[in-house]
Amino acid sequence: MFHIIVEKTYDDVSREAFKVVKEVVKNVENPVLGLATGSSPIGMYKKMIADHNSAGTSYKNVRTWNLDEYVGIPRDHDQSYWTFMHENLFVGLDIKEENIHIPVGDAEDEQAECEAYEKSMEGITVDLQVLGIGVDGHIGFNEPGTPFDSLTHLTELTEQTRQDNARFFDGDIDQVPTSAITMGLATIMRARKIILIATGENKADAIKGMIEGPLTTDCPASILQNHPDVVVVLDEEAASKLNQR
Ligand code: F6R
């Protein structure tokens with residue numbers, strides 16, 4: 001079930017998304033958050049930090065699991081998702097380092113790392129999973145064709161995704177890793193509640209496919225049609241191809 005919120009600006013989108021996170025962090029005992037990297041949640045993360053500083057919302061009892069990590073770059077690389085999360089969120093909160101979980105991208109045995117990551121979530125229910133969406137409809141790095149029953153796995157990034165992410169690598173696609181470790185679609189679907197943030201016209205087709213398209217692995221995000229509680233926060237551009245709002 002989708003609850004769709006359409007706002008004017010990125011700041012408005014971030015504010016609405018932040019409200020959903022704050023409600024979970026305030027009301028759930030020992031909350032578990034699933035987190036995403038990328039441009040979409042940055043504004044929301046800024047608001048979480050501002051609120052922590054001004055209202056004292058504490059993350060001491062919060063545990064987090066991130067969706068994914070690039071393969072082949074170490075944690076201290078400036079474009080690792082580990083670095084991204086620390087710079088854009090964790091550094092500004094009172095979260096404990098031992099409560100943060102992000103796949104290890106330069107593990108010697110990548111397969112074993114996928115299994116260990118999935119196992120680290122055994123018996124855990126993510127209270128709120130934060131998602132962005134790729135222009136090809138990916139969530140996490142579950143690219144088109146990924147089975148709906150997938151768990152944490154090693155995946156090849158598509159040319160499109162690498163191109164989209166080249167902006168973080170001096171615009172040079174050759175520097176963008178070719179594979180990643182990602183939670184699977186079944187892993188993501190186990191979350192109690194999901195919030196998906198998307199802005200910009202280039203996301204309009206993916207959003208339409210996710211909400212109004214057929215349930216198909218061609219648009220991995222369409223699996224969310226089967227989830228009972230998905231809040232979708234969009235700007236006008238990302239919502240522009242929807243028939244119904
Ligand atoms: C990030 C992730 C990806 C992004 C998606 C959108 O951890 O899993 O699915 O959410 O690629 O990225 P942005 O927000 O940069 O457009």
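Tutor: Let's start with a term: a residue is called buried under 20% relative accessible area, exposed over 50%, and partly exposed in between. Please keep in mind that this is a predicted model. With a relative accessible area of 41%, Asn-30 is therefore partly exposed. Asn-30 is not a glycine, yet its phi is positive, about 50°. You will find Asn-30 in the loop that lies between helix H1 (10-27) and strand E2 (32-35).

Asp-170 also has a positive phi, about 55°, although it is not a glycine. Its relative accessible area is 71%, so Asp-170 is exposed. Look for Asp-170 in the loop between helix H5 (159-165) and E8.

Strand E8 (residues 179-182) runs antiparallel to E7, and 4 bridges join the two. In this pairing, Thr-182 of E8 stands opposite His-153. Side chains in a regular strand alternate between the two faces of the sheet.

Finally, have a look at the ligand, which sits in the largest pocket. There are 14 residues around the ligand, and Ser-40, Asp-68, His-138, Gly-140 and Lys-203 come nearest. A polar side-chain atom of Arg-167 lies 2.9 Å from an oxygen atom of the ligand. The protein covers 93% of the 410 Å² of accessible area that the ligand has on its own.

Conventions. Residues numbered from 1 in each chain as written. Predicted model: local features only at pLDDT ≥ 70, side-chain atom pairs only at ≥ 80, totals over all residues. Heavy atoms only, no water. Pairing = 2+ DSSP bridges. Near = heavy atom within 4 Å. Polar contact = N/O pair within 3.5 Å; in protein donor to acceptor, adjacent residues only side chain to side chain. Areas by Shrake-Rupley, 256 points an atom, 1.4 Å probe, with all protein chains shown as cover. 1 Å grid on protein atoms, 1.4 Å probe; cavity = no way out; pocket = protein on both sides within 12 Å on 5 of 7 lines; lining within 4 Å. Sits in = over half its atoms within 2 Å of the grid points. Buried < 20%, exposed > 50% of the residue type's maximum accessible area, 1.4 Å probe, protein only.
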